[in-house]
Amino acid sequence: MNLKKKNNRAWFLVLPVVVVVAFTAIIPLMTVANYSVQDIFSPTNRLYMGLDFFRQIATDPAIIAAFQRNLVFSTQILAIEIPLGIIIAKLMPRHGWKAAAALVIVAIPLIIPWNVVGTTWRVLARPDVGLLGVAINQFREFDIGNTPADAWFTMVLMDVWHWTPLVALLVYAGLRAIPDAYYQAASIDGASAMSVFRFVELPKLRRVLMIALLLRFMDSFMIYAEPYILTGGGPGTSTEVMSILLVVIAVIQFDLGKAAAFSLIYFLVIQIFSFIFFTVLTLDERPGATKKRNRTAESARDDVARAIGGSR
Amino acid sequence: MTTQAISITRIAKVGSYFDWRSWVFWLIMAVWSIPLLWLMSMSVRYNEDILSVFEIIPSRISFRAYAEFFNDPLWYGALINSLSYTTMNMVLSVAVALPAAYAFSRFTFSGDKHLFFWLLTNRMAPAAVFLLPFFQMYQALGLFDTNYAVALAHMLFNVPLAVWILEGFMSGVPRQLDEMAEIDGYSFGRFFITVFIPMIRAGIGVTAFFAFMFSWVELLIARTLTGPNAMPLAVQMATTSSATGLDWALLSAAGVIAIIPGVIVIWFVRNYIAKGFALGRV
């Protein structure tokens, strides 16, 4: 069934993409690699440094601390946004104008420029005149400018507000793709809402959840504009994530070699994590596992019956 | 037969219950829209009020900020800049990604899997990594401080994403369609443009939306590659501060205006997002 034609002329179709990506990614990356091994005082005066910069980066306490913050941030973000996104997607209306309105409203935070998000939350979190700050101040002292925990809390809340809609939209699309026959079959078998979710929806959502997980991981690991505008990395260094640090080293300290080495390590870390996610999540689809499409209600029903029967 | 009858009555009953799901959803959305409403309210308040008085409903309002936005060429020019590079990027990304996605969905060729994953890795590159080389490269090409530079640079993350999304949609179109077209004597180009592309227009809509979105909201690269001539809206907003401090009302008004094009794009693809995703694997 899954007989893709072997055809090396397909390379011609891929060529434009390869050219574009070479131009926008490979050449710049080679420049970065070139910088990472030499200290440039002026265009004519350079000193070969070998792997010294990499060693500096790997032992720099500020960078290690920022890396840990990134890890904690991404973990928290995924732990909140994925379940919340699924819940919102399940609650979204499916039909009529309400569905259209819901889609537009849910998607709005995604198209707000990142600096606007930062600006909005910066005012919103002010303890004297911001709604969030004032509201929390009723219960306990809240000061985003001086209390690290408050700044962190606001940063997480801001990201949840900003990006959960992406997860919700992807999951919503995944849910819509499930044929009605599956639900009918589950209903005939008297499956509870929980087991419908566990045995019908979740397996079908696997793919979109993988995409959501990967996108959210990558983007939360690279987050820059929002925390930069919200707190500038402060108070102290409490919200200083890696990209803020990288921009400081590259643009403000103008330490090109160190910044380049940092960039490469940063890039590599994201790639490794993403590759692990990708591999783990697609384990049982390999190699070239076929996806069955256009299934009849009967076979869907059998599937569900088997799954639910198996769980009893 | 009996079980079916029972389940149908059960379904019918569920429909007549109080629709708590819908209520919970709209409640969540109400909470979700608070920051946005806050932004809108800031844009019509007086600067001296914004940072001194806490009020949920503004006691006095003015549309000065909006008037200023559309009278200052710096501001509306920035809006036009943003719109032009975003549109260019969207069109280019989709155009380049279409044939590639077709190749990935229809053929196997040497190194296809590696190429596909490698493309995705570019989506994982932190923008900060590319700042310096981009700056030097576009300056050497004489494209620095033009909309073309930003449009091209944003293809870095949009092309891989476009290939990824489109490939999913294309895999949802049966391969028999291609074969039948071939038997009917369609040339590849004619088939692709007159038959295949209309088939996946939903996918193209969704892809265009994502390309637009990621290009529209990006700040770091856009800031690095532009000077005063091609300054995007986001950068104009980030740099706006005067001796008297930030003009919060104007900043908020610009923020509200920056949301509008996105809302229009979402409105166009709303049905595609809903139905469209179902076609592909996404």
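Modeller: Helices (H or I, at least four residues) and strands (E, at least two) are DSSP runs, numbered from the N terminus. This is a predicted model, where local features need pLDDT of at least 70 and side-chain atom pairs count only at pLDDT 80 or more, while totals for chains, interfaces and linings use all residues. Residues are numbered from 1 along each chain as its sequence is written, and chains are lettered from A and ligands numbered from 1 in the order in which they are written.

Colleague: Which helix of chain B gives the most to the side that touches chain A?

Modeller: Residues are in contact if their C-beta atoms, placed from the backbone, lie within 7 Å. By that rule, 81 residues of chain B meet 72 of chain A. With 14 residues, the top giver in chain B is helix 15 (residues 248-279).

Colleague: Is helix 1 of chain A roughly parallel or roughly perpendicular to helix 8 of chain B?

Modeller: Axes are lines fitted to C-alpha atoms over the stretch in contact, and angles run from 0 to 180 degrees between N-to-C directions. Helix 1 (residues 10-36) of chain A and helix 8 (residues 127-140) of chain B pack at about 110°, their axes 9 Å apart. Under 35 degrees is roughly parallel, over 145 roughly antiparallel, 65 to 115 roughly perpendicular and the rest oblique. So helix 1 of chain A and helix 8 of chain B are roughly perpendicular.

Notes:
Two residues are in contact if their C-beta atoms, placed from the backbone, lie within 7 Å.
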